[in-house]
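Please open the model in your viewer and keep the selection tool at hand. The stops below take you through charged pairs and surface patches in turn.

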Amino acid sequence: MNEVLSGMNVNLSYPAITTERVNRFVLCTSGDSVKVYSTRTEEWLHSLQGHTNQVTGIALNPANHLQVYSCSADGTVKLWDFIDGILIKTFIIGYPLFAIYVSEKHEGIVFLHIAMDTDSKKEGFQLVAVHLPKSAEQEVEAKELSAVSSHISPNPSCTAFGREGQYIAFARNLQLNVYFFRKQKTYSFSLKATDKKGAKNAFTCIACHPTDDCIATGHEDGKIRLWRNFIHKKEYTYSTQHWHHNAVNTLCFTPEGTNLLSGGIESVLVQWQYGTGNRKEFLPRLGGSILHVSASSDGQLFCTSHSDNKITVIESSFKVCGVIQGLVKGDAVLTDLMIDPRSKALVLNGKPGHLQFYSLLRDKHLYNLDIVQQEYIYEAGLDQFEVVKAAFDIKGYWLATVEERGQKSADLEFFLKLWSYDERTQSFVLNTTITAAHTDRIISMCFSSSEETTMLVTIAEDGQFKAWCQGVDADTKQDQNFWSCDFVGSYHNLKPTNCSFSADSSLLAVSFQEVITIWSPDTWELLTTLCQPPGVIRDLCFGRLSCSKYLISTTTRNLLCCWNLLTCALEWSTSVEVSKLQSDPLSENVAAFSYQSKHTDLFVFKPNEPRPLFTHKNVCSEKIHRAVFVPREEPLNNCDESSQWLNRSQLYFLTQNMDLLTFSTATEEDRMLSSSTRLVIDDSVAVTPFYLLLGKHRQQQQKLNTPSHQAADRPQQPQGSVTITELLHTPAHVLPPASVLCSMFVSSLLISNTGVLQDPLRKEMESSEQEMNSEKEEEDSEGEMEACDSQQELRVQGSVDEVTPKLSKAQERELKRVRKTDFSWMAGLIASKP
Amino acid sequence: MASFKPTKVQFLPKLGEKVTEETLYWKNYKSPVQIKEFGAITKIDFSPLPPHNYAVTASTRIHIYGPHSQEPIRSFTRFRDTAYGGSFRGDGKLLVAGSEEGLIRLFDISGRVALRQFAGHSKAVHVTSFLSDGFRVVSGSDDLSCRVWDVPSAVELSSLTEHTDYVRALAPSKLNPDLFVTGSYDHTVKVFDMRSGSSVMTMQHGHPVECVLLYPSEALLVSTGGRYVKVWDLLKGGQELVSLKNHHKTVTCACLSSVGNKLLTGSLDRHIKVYNSSYKVVHNFDCDASILSMAIAPDDEALAVGMTNGVLSVRHRRHQKDKETLTSRRRRGPSYQVFVKGKNFVPRQDDFLVSKPVKQYLRKYDKQLKSFEVSKALDTALQTWTRTSKPDVTVAVIIELNRRGTLKNALAGRNEESLTKILNFLLKHIFDPRFSRPLLMVGDIVLDLYQQVFHESPVVERLLQRLMEVLGREAELQQELLQVLGILDTLFASLTPRKEVMAHAAPPVAQESQLQAA
């Protein structure tokens, strides 16, 4: 068993749309890979994997629109065929790279951001031009670095190529530099730190007009300046336009240069008409703040990437036509991790004021549920309502949420909301809003776990816990299903810290500082109190199934206690610092995350015995506060002692860096690898759901029909290069004629194309057959050269004409000897040719 | 992308009174029609036949009113002394009434002169009624006797003298012509059976009985007297079912609504209480004077209340029809054709449908909020109609502005007129616990913004003065309330047996927030 990082942190940072006839692909960097999405289906097609560190930038190869360059912090630039996901070449630069730029005019040269010093702590970056050597090898070291400029901004959007690659513009703080390649000169223009109105003038992004000598720059105060006439250093002019109220994050000219797109924190995409002054169009409320905009090379599609892990695909008519959404990452996950009992989806904070439902099974974002139901104002530093608590009842019919505003200031506003599941719309509908549920902040809440009656218990900092029931109020007959307060309890005015229902809901445990109180929810009678000082109780959980007589508690003073509820006595206790206690709803197991000496350990134990079933030291280096057991569809039959606790459900947990991690067994991993089939769409057929079904079927058929195809389908293997080295190392005199080898060798270097793939293969087969035929004929002719009639001679000549026009006997013998030598290694070459 | 989310107007129910179906039903009466009579109204009786005229006994007269007339359609005035207890026969054609002098008179509804006179009682007869066969009359008198009279021959059939004090309440059985119930000032309620000629059941009410009432099933009996209303189960041999003490003065009358058998009781404390089937008060009517008598028409069409000051107040039921005509008159928008034009077009099979995006209609203030015109949005929300009839909308806009962090901008730069508007709104609503929190904030901001220029406008200065006064008074009141709460807490604490855990029932949320506001 080992720990697997879930592939959910789709950190979409740098999208680029490609135009392959119909704009079908969006590429974006995500961690150490580049992901390829289809713009039509919004599905993830495949990812380009090979970098060993964060991928920092991608750029389409201007010479070949089916290829893309990517640069990474591991110091390499890779060239990919992104349609089939094949690595074509790797250029080793040797320094960590931070951005990449290419231009059509500078073929074979890429421009890269590298750090001034090897340790990137010093905030100095330089722009270098790298000449990519034209070598046939897979891995090439590119050593020809020439610095274009030093001391440039670390922000990659502060550099852009001008018209036809004649100049490159880059900005840093308050200075705009333009480097002209022909003159080999840098002009620089600077702005004042602040003008009269106190605006912040620092540059934030740059875009150059594709056909005109014009540079658009975005500024920190939301202004956009259009610079002209900068070819003559002294006579430059600029015009200013202002719509954004905060920093402009990104600028982009459409390929024809008719429009300028800009975006910022307001999450409004603004389209400025070039040359018409102030005419603009807006596309508001796109999601999180816009980080990057790019346009496809034919200008038909734009796409924006957002801070909430989302890519929006926009048509040129300014309509949203697709949304690619990853796991939404807010600033922090304030709610617990939860599982929706109906859809088995993971539920946590999503967009501001929303709860997101994320299917772990399909690794896909399902939907956002709007909890706050208010217009979100995109403004930095504004105190907004945030969902801080949420809980599901056991059947998934009720959802309780708490939203809060004013955590920092004195006057706290919060609402308790109860949502019921609507079968018809397959979503949650607001049922009750409680405005002043408590006089102070709600600390925690939980639903009773019994099937018949649903009850919600909330505990708050005002020292009270309240039980909420549905339809207690008999007077309001028309709406029986509203929720109202049933009971208010407190214990010596102490502040409650946690609450929990037992598995059968016959007991409610509420911890007040150091004391655990046990209540009967039927009569609201205090049954008993349990106390084991020192330390305030942090977590509470009841045992399940055979261990239901136990209650586990953890304290802030490194104590894990297990109470026997039948004897009301301490069963066992151990000294361990537990940051999160989570019980499995389907088994007796309890997982405890312990944070000690800067790393987190995981213990899994059963309450009835004080020794762990499973221990995993050093799970991660951060504290873990959120974890959840996700029930499996069907239990695994795993006999392995150490992984038995994972048979019923899977444990997911969230680190402080917002990485979602899980434990998985070995068998699962195998399955994961094997099930990496992706939906690739043929261009000839319209993309419909039917097509997706049929297309998959056809693909399978194809595979069955042509087994040779399968071998070709596999990504290029390292053996390919071995073959080539063998080819090169074999003595020349034992090789077949160069005319035979050449075409094979060249075609092996070509990019693969699944459609064309069969043809060279077949050709090869045919040609070798031909060869065989001719060989036989030659042998025949050898025997009866004299007896042959002119007709036969003519036929032989016709067929073998190109290969062996005229052969002497010695030559023929030599050829035969060559043919008898073992060329089986060539098969590998042929196979690896794709 | 996602559309603009309009401002959410929070629905906060008014505190104190819960709106239930019952209250809605009983509130659905028009405002009362007041008719002045000559003296205290001691008895009101509805005719069982439509159009349900009603007889009102007051002073020396009995007036009969039509269902909607304010003038009596007939009156019987041939009484030498005060008349009492005028009640209809089951067919609505005859009326019987007692009087102070002890005579019982029988009238034909269409006649004027008494058809019969029954003489025999030596003292005033306060209650009279027909038995359900319609041929006999029963009467209760201050001479401690109950007598049964034969109508055709005008002779006394029997005299029952089991009570030891004035007989002031009487209810004949509708199912059995030989049974009737009497209530007396000797604190007892007796059920008499004419077949045996004596009482068959006696119940101790504990107070002088003012009124008795039989449920239509005749299994339950209601008696009122003192501050108590008691319900007796006759099938269990006169066991007390429930004793209600909701009035703080003598309960003088009771009646049953014909829809759902709700019990109504009227009292000298000027209240009419409506009880539901589990005897909880669901509604309360207030009157101007002490109530002596009360009757409700079949189908609850009208509620007539007689009071000590001689005012008869009649409430008529409001019908759905009236409301509809009202609303239809108000809503006269564009004509049908304008809305339907082109909407009823049915596309043919091969037609290519181009769908139009659904337009989102926003309120004016929402439109202004959408375009970040905060000051204008506040102006819109403070328009006269909105701020008077829908203060919750105004407050919702204020809350929304505060959430956006632009409340200060919206309030700044106002002239005297608009500032007066805001201050008046504050004065009116600042103590409403639903609104006090945002409005106090508005008050703070206004003071901060304008403190330099207040003295320039006498109007604004006066309003501020008033605001200060009211706030001071409210603070005092809240302080007193807190003191009372403290006193109550100590009382409760001393009453409850000492327990380890203090667990008290939920104080209403309203109260808490009110205290917070203070």
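Begin by selecting A:K606 and A:E588, whose side chains form a salt bridge (a side-chain nitrogen of Lys or Arg within 4 Å of a carboxyl oxygen of Asp or Glu), with the closest N and O atoms 3.9 Å apart. A:K606 sits in the loop between β53 (599-605) and β54 (612-620) of chain A, and A:E588 in the loop between β51 (578-583) and β52 (590-596), so the pair ties together parts that are 18 residues apart in sequence. Helices (H or I, at least four residues) and strands (E, at least two) are DSSP runs, numbered from the N terminus. A:K606 is partly exposed at 25% relative accessible area, whereas A:E588 is buried at 17%; buried means under 20%, exposed over 50% and partly exposed in between, with a 1.4 Å probe and protein chains only.

This is a predicted model, in which local features need pLDDT of at least 70 and side-chain atom pairs count only at pLDDT 80 or more, while totals for chains, interfaces and linings use all residues. Residues are numbered from 1 along each chain as its sequence is written, chains are lettered from A and ligands numbered from 1 in the order in which they are written, and side-chain values use heavy atoms, with hydrogens and water left out.

Next select A:D601 and A:K617, a salt bridge whose closest N and O atoms are 3.9 Å apart. The pair links strand β53, which holds A:D601, to strand β54, which holds A:K617, across 16 residues. Is A:D601 buried or exposed? A:D601 is buried, at 3% relative accessible area, while A:K617 is exposed at 53%.

Then move to A:D336 and A:R626, which meet in a salt bridge at 3.3 Å, N to O. Here A:D336 lies in the loop between β30 (320-325) and β31 (338-339), and A:R626 in strand β55 (residues 626-631), 290 residues apart.

Now turn to chain B and select B:D133, B:R136, B:D178, B:D193 and B:R195, which are linked in a network of salt bridges.

For a last stop, select B:L482, B:V484, B:L485, B:I487, B:L488, B:L491, B:F492 and B:L495, a nonpolar surface patch with about 750 Å² of accessible area together. Such patches join residues with over 30% relative accessible area and no salt bridge, nonpolar side chains (Val, Leu, Ile, Met, Phe, Trp, Tyr) within 5 Å and like charges within 9 Å; areas come from the Shrake-Rupley method with a 1.4 Å probe. One of these residues, B:L488, is found in helix α11 (residues 458-495) and is partly exposed at 36%.
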